[in-house]
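User: I've got a model open and I'd like to learn how to read it feature by feature. Can you walk me through it?

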Amino acid sequence: MNLSDLSKLTEDQSREMLERIRWPNGPICAHCGCMDNITAIKSTKRPGLYRCADCKMQFTVRVNTVMHDSHLPIRLWLMTFSIMCSAKKGVSALQLQRQLGLGSYKTAWHLCHRVRHAMKQEPLKGLLTGVVMVDETYVGGKPRKFYKNKRPRSHLPLKVGRGTKKIPVVALIERGGRARAHVVPNVTAKVLKASIRELVDTSSTIMTDQFKPYRGIGEEFAGGHKTVNHGEGEYVRWENGEKISTNEAEAFFALLKRGITGSFHSVSKKHLNKYCDEFSFRWSLRKITDGERTFKAIVASEGKRLTYKVPVADVRDAPF
Ligand SMILES: [Zn+2]
């Protein structure tokens with residue numbers, strides 16, 4: 001399943017493909033989950049309509065997914081899934097609008113937003129295990145404004161990282177495995193340790209740099225807490241044959257930041273978590289093909305109907 005194949009599909013073929021992905025063993029009622037008494041209804045107005053004899057309700061393959069209530073052709077949905085699952089550094093709504101020839105930026109923005117919602121990793125639940133690298137960084141934020149008469153310390157380098165007003169993000173990365181990242185209100189011990197407790201299995205080993213707030217977390221994990229001293233320029237250290245580093249967390253942040261500055265230019269605090277979900281999804285599934293990743297995102301769109309209307313203001317201040 002690649003983009004050029006998808007672009008050639010008719011709407012019927014696209015729908016059939018979506019049905020095969022979502023229902024490999026035949027249609028499942030979107031209302032009661034039953035599979036046994038489903039009949040296809042021949043309807044020219046609503047192709048792909050099914051009826052469940054158990055609950056007497058009708059449904060299509062879009063019902064109860066992020067595609068629910070959408071009037072866009074399924075082909076465009078499949079193409080958006082494919083583009084967003086393949087682009088390592090993400091795709092902006094503007095880019096998507098151009099690539100798919102969509103009529104409006106708003107439409108493209110809604111598509112991106114919903115696919116990102118499908119990528120939210122709720123269905124892949126399960127705590128992180130093994131070696132888990134934890135790191136925090138600061139993302140985005142508008143450049144500081146300087147006025148000619150108010151630059152008392154302009155000779156000093158711009159402050160970056162801890163202590164600036166950018167948005168703090170924490171990432172937890174399994175060595176060779178899955179990623180979780182989210183916005184945090186601050187990087188105090190209370191907040192960082194709460195993130196670790198929430199997402200990491202207690203059998204794990206925690207690896208961080210020597211940032212003070214992480215101190216003491218090892219007591220709660222069977223593998224303990226190992227640190228590297230970034231201040232001393234130490235990025236990898238070996239202890240009894242075990243590699244201690246936070247390299248993968250740093251690589252994740254590098255990708256996230258390149259994506260945000262390169263593809264999205266800027267991201268508001270409100271939306272940053274969604275980008276974290278999107279980047280975590282691709283990272284966690286980076287070892288499979290683009291097609292397989294697309295497939296997984298489509299399957300994950302189930303039960304993720306966005307029932308609220310995204311306010312217009314959200315579109316206006318959307319990053320692009
Ligand atoms: Zn039913």
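Analyst: Let's begin with how helices get their names: helices are DSSP runs of at least four residues, numbered from the N terminus. By that naming, serine 284 is found in helix H8, which covers residues 269–284. Keep in mind that this is a predicted model.

User: Is serine 284 buried or exposed?

Analyst: The idea is to compare the relative accessible area with a cut-off: buried means under 20%. Serine 284 has a value of 14%, so it counts as buried. Leaving aside neighbours within four places in sequence, serine 284 is in contact with Gln121, Gly177, Arg178, Ala179 and Arg180.

User: There's a metal in here too. Which residues coordinate the zinc ion?

Analyst: For a metal, look at the donor atoms first, then the angles, then the spacing in sequence. Here the zinc ion is coordinated by the SG atoms of Cys29, Cys32, Cys52 and Cys55, at 2.2 to 2.4 Å. The angles among the four donor atoms run from 105 to 117°, and the site is tetrahedral. Along the sequence, the donor residues follow the spacing C-x2-C-x19-C-x2-C.

User: How accessible are cysteine 29 and cysteine 55?

Analyst: Cysteine 29 is buried, with a relative accessible area of 3%. Cysteine 55, at 24%, counts as partly exposed.

User: On to the strands. In what order do the three strands of the open sheet come?

Analyst: Read a sheet by asking who pairs with whom, and in which direction. The order is E1-E2-E3, and the pairing is antiparallel. E1 and E3 stand at the edges with a single partner strand each, so one side of each has no neighbour in the sheet. Four bridges join E1 to E2, while two bridges join E2 to E3.

User: What is the phi of lysine 56?

Analyst: Lysine 56 has a positive phi near 60°. The hairpin of E2 and E3 has five residues between the strands, and lysine 56 belongs to that hairpin. Lysine 56 is exposed, with a relative accessible area of 55%. Aspartate 69 also isn't a glycine, and its phi is positive at about 70°. Aspartate 69 is in the loop between E3 and H3, and it is exposed at 55%.

User: Now the inside. Which residues touch the most other members of the largest nonpolar core?

Analyst: The largest core has 43 residues, and Phe59, Leu78 and Phe81 touch the most other members. At least two residues each come from H2, E2, helix H3 (74–86), helix H4 (93–100), helix H5 (105–119) and helix H9 (290–300). H3 gives the most, with nine residues. Leaving aside neighbours within four places in sequence, leucine 78 is in contact with Leu6, Leu9, Ser14, Met17, Leu18 and Ile298. Apart from this core lies another, of 25 residues, among them Val139, Ala181, Leu255 and Leu256.

User: Where does phenylalanine 253 lie, and what is it in contact with?

Analyst: Phenylalanine 253 lies in helix H7, residues 247–264, and is buried with a relative accessible area of 5%. Beyond neighbours within four places in sequence, phenylalanine 253 is in contact with Asp135, Glu136, Thr137, Val169, Val170 and Ala171. Distance along the chain is worth checking as well: phenylalanine 253 and valine 139 are 114 residues apart, and their C-alpha atoms are separated by 8.9 Å.

Note on methods: Residues numbered from 1 in each chain as written. Predicted model: local features only at pLDDT ≥ 70, side-chain atom pairs only at ≥ 80, totals over all residues. Heavy atoms only, no water. Donors = N, O, S within 2.8 Å, 3.2 Å for Na, K, Ca; no water. Tetrahedral: all angles 85-135°; square planar, octahedral: opposite > 155°, others 65-115°. Buried < 20%, exposed > 50% of the residue type's maximum accessible area, 1.4 Å probe, protein only. Core = buried A, V, L, I, M, F, W, Y, C linked by side-chain atoms within 4.5 Å. Contact = heavy atoms within 4.5 Å. Pairing = 2+ DSSP bridges.
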